[in-house]
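Q: I'm new to this one, could you walk me through it slowly?
A: Gladly, here it is, and we can begin with a term that will come up soon.

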Amino acid sequence: MLKLTGNLGIEDFYKIIFEKNPIEIDETVFQTIENSFNFLRDFSKNKIIYGVNTGFGPMAQYKIADTDRIKLQYNLIRSHASGTGNPIHPLYVKSAMLARLNTLSLGNSGVHKSVIELMTQLINRDIIPLIYEHGGVGASGDLVQLAHLALVLIGEGEVFYKNELRSTKEVFEIENLKPITVVLREGLALMNGTSVMTGIGIVNTIKARQLLNWTILCSSAINEIVEAYDDHLSSELNNAKRHKGQREIAKQMRANLSDSKLTKKREDHLYNKAQDATVFEEKVQEYYSLRCVPQILGPVLDTLDSVENILIEEVNSANDNPIVNVEKQHVYHGGNFHGDYISLEMDKLKLVVTKMSMLAERQLNYLLNPSLNNILPAFVNLGTLGLNFGMQGVQFTATSTTAENQMLSNPMYVHSIPNNNDNQDIVSMGTNAALITKKVIENTYEVVAIEMITIIQAIEYLEIQDKVSSKTKKMYDAIRNIVPAFKDDVVMYPYVNQVKDFIMNHDNNLLK
């Protein structure tokens, strides 16, 4: 049981979303919520407070009669539950729910405590609102997507429950749950915010870090396969640059290769032996996709760390409007719901993940092309050349998928389209950015899965299972349990999908 105090980290999200640890709300949070609600209830009497006694957006100029305040909140929720397209996967919605719960727990929203209580129950019981991909422009936050969350909290709409899509009313009856109490501005407080884009973004960072670790492992293994010199991974060379990410990638690769019998020392082959030849048969340096991995993946790691920090800052921030400040006894109107921070970070993340797919695709091409590697048959074909095709077919998939990533990497951050009668005249498109980044990450897992199968086939052909590092050998064994060695041509798509599923759902730390 994890106790929420209004300060979440990435590890907390992992435990709750992936490991399904239950949560409970600290009593101090409930006290903060009560104080905020009571203050707003009293403060809003005889004052004009946006979203309490006014219309919304361009209709904020219209005062709402006291007798219609509650109806106003329900109207907002129902009218904006207008998403379309594919449902967002429940894993990402649960992350968004946790992000919203944490924001509301800060006491800057003036919500009734029933919101906190019910959201906690939904998370703990894996009752996940149906939220669609299309609808958010990321200006007043994720208005449309969060409206679908709010719809469930008032007992309407649909939820994913025990792997089925069912009506909220039916599930609430089964689980003996009651809808929230709408008193002041519970509709607007739930909907004004960046929690969907942030929740998706946090899962993206977790998946991207896992993907990076697999990419490092594959890059290490290829260096073994070609018996590369190891000085391009040396601490001396990489510490000559001041970038933290580059140094860390090189360090991880050295650790991966620490007990390899295949990588070579430059001094043993080129420095301490007389060299009379005018043309060297062996490469003096490897191609960039092998030699420059720390320099290529270093920026990926640095960017990932930065993105993660920004997202966690957002999770632990008040991204609502207006902001209730009990200490100052005041209500402040502004734009904390605007999603530009998240939109920009998602664009950064998808750029570096696309670069990972490009690196994996080039490493794959290196293994498949005998004119480049000089040690493997064409397409790492273990069968009869000409009659069999080896990995030829799946290279097309890797190339096509990488090309799609390159196109998807165009930024959403600068694709603002005014809407809402020009009230929202510049928007973030943050949820679109987060969802496209999700697609780019999933695509890259496909490319790495194809590369990984090829690496295993190359090790098979060269018969170096007993010479690779222990870390590479564990990867070899894990993938061999999924994909048997093949000489005759086989239908590849089930194997690619199974390997993709394996690496998407396992960190390579399990191979330690």
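A: Two residues are in contact when they have heavy atoms within 4.5 Å. In the protein chain, residues 24 or more positions apart account for 78% of the contacts with a separation of 6 or more.

Q: Before going on, what kind of model is this?
A: This is a predicted model, in which local features need pLDDT of at least 70 and side-chain atom pairs count only at pLDDT 80 or more, while totals for chains, interfaces and linings use all residues. Residues are numbered from 1 along each chain as its sequence is written, and side-chain values use heavy atoms, with hydrogens and water left out.

Q: OK, how many helices and strands does the protein chain have?
A: The protein chain has 20 helices and 9 strands, where helices (H or I, at least four residues) and strands (E, at least two) are DSSP runs, numbered from the N terminus. Its C-alpha atoms fill a box of roughly 95 × 45 × 45 Å, taken along the principal axes.

Q: And how much of the protein chain is buried?
A: Buried residues make up 54% of the 512 residues; buried means under 20% relative accessible area, exposed over 50%, and partly exposed in between, with a 1.4 Å probe and protein chains only.

Q: Which helix would show me that?
A: Helix H6, residues 143–153, is mostly covered, since 11 of its 11 residues are buried. Among them are Leu143, Gln145, His148 and Leu153. H6 is followed by Gly155, whose phi is positive, near 90°.

Q: Switching topic, how many aromatic pairs are there?
A: A search of the whole structure finds 4 aromatic pairs. Rings of Phe, Tyr and Trp (its six-membered ring) pair if their centres lie within 6.5 Å, and planes under 30 degrees apart count as stacked, over 60 as edge-to-face and the rest as tilted. One of the pairs is Tyr14 with Phe18, which is stacked, at 5.0 Å centre to centre with 20° between the planes.

Q: Where do Tyr14 and Phe18 sit in the chain?
A: They are 4 residues apart in helix H1 (residues 10–18), so they are separated by about one helical turn. Tyr14 is partly exposed at 33% relative accessibility, and Phe18 is partly exposed too, with a relative accessible area of 25%.

Q: Which lysines lie over a tyrosine ring?
A: Lys264 lies over the face of Tyr229, at 4.6 Å from the ring centre, and the charged end of Lys438 sits over the ring of Tyr92, 5.0 Å from its centre. A charge sits over a ring if NZ of Lys or CZ of Arg is within 6 Å of the ring centre and within 35 degrees of the ring normal.

Q: One last thing, what about Arg254?
A: Arg254 is in helix H11, residues 244–256, and counts as partly exposed at 31% relative accessibility. Leaving aside neighbours within four places in sequence, Arg254 is in contact with Leu233, Ser234 and Ser235.
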